[in-house]
Amino acid sequence: MPDVHSKAIRHISHSKVTLDLTVDMTDGSSHTYSGVSREEYYNLLNAPSVGQYFNLHIRGVYPVK
């Protein structure tokens, strides 16, 4: 589970088997999104702003488990 440089996000992990993306927030909450491709996961990890990418491409786009 890689740490990321973000004010709001602490860790991100992805299962290539279930396509679940788990995002651990700095406030202690954790959210799991389903149907997230491996490519989308890498895009998130490599985005110039992880928080901005998350807000635009993950939150509200993929269903929360």
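## Valine 4 and its surroundings

Setting aside neighbours within four places in sequence, valine 4 is in contact (heavy atoms within 4.5 Å) with Ile9, Arg10, Ile12, Leu45 and Val50. You'll find valine 4 in the segment before S1; strands (E, at least two residues) and helices (H or I, at least four) are DSSP runs, numbered from the N terminus. Valine 4 counts as buried because its relative accessible area is 14%, and the cut-offs are under 20% for buried, over 50% for exposed and partly exposed in between (1.4 Å probe, protein chains only). From C-alpha to C-alpha, valine 4 and phenylalanine 54 are 12 Å apart in space and 50 residues apart in sequence.

Keep in mind that this is a predicted model, where local features need pLDDT of at least 70, side-chain atom pairs count only at pLDDT 80 or more, and totals for chains, interfaces and linings use all residues. Residues are numbered from 1 along each chain as its sequence is written, and side-chain values use heavy atoms, with hydrogens and water left out.

## The sheet and its helices

Three strands make an open sheet with antiparallel pairing, in the order S1-S2-S3. S1 and strand S3 (30–33) are the edge strands, each pairing on one side only. On average, neighbouring strands here are turned by 15° against each other, direction ignored. Two strands pair if DSSP finds at least two bridges between them; S1 and S2 are joined by five. For instance, histidine 11 has aspartate 24 in S2 as its bridge partner.

Now for the helices. Helix H1 (residues 38–46) lies across S1 and S2 and runs at about 155° to S1. Helix H2 (residues 50–57) packs on the sheet, touching S1, S2 and S3, and its direction makes about 55° with that of S1. Axes are lines fitted to C-alpha atoms, for helices over the stretch in contact, and angles run from 0 to 180 degrees between N-to-C directions.

Histidine 14 sits in strand S1 and counts as buried because its relative accessibility is 13%. Its side chain makes a polar contact of 3.0 Å with the side chain of arginine 38. That term means a pair of N or O atoms within 3.5 Å; within protein, one must be able to donate a hydrogen and the other to accept it, and residues adjacent in sequence count only if both are side-chain atoms. The histidine 14 side chain also reaches the backbone oxygen of valine 36 at 2.5 Å.

Not counting residues up to four places away in sequence, histidine 14 touches several others, including Leu19. Leucine 19 lies in the loop between strand S1 (9–14) and strand S2 (21–25), and is partly exposed at 32% relative accessibility. Most residues other than glycine have a negative phi. Leucine 19 has a positive one, near 60°.
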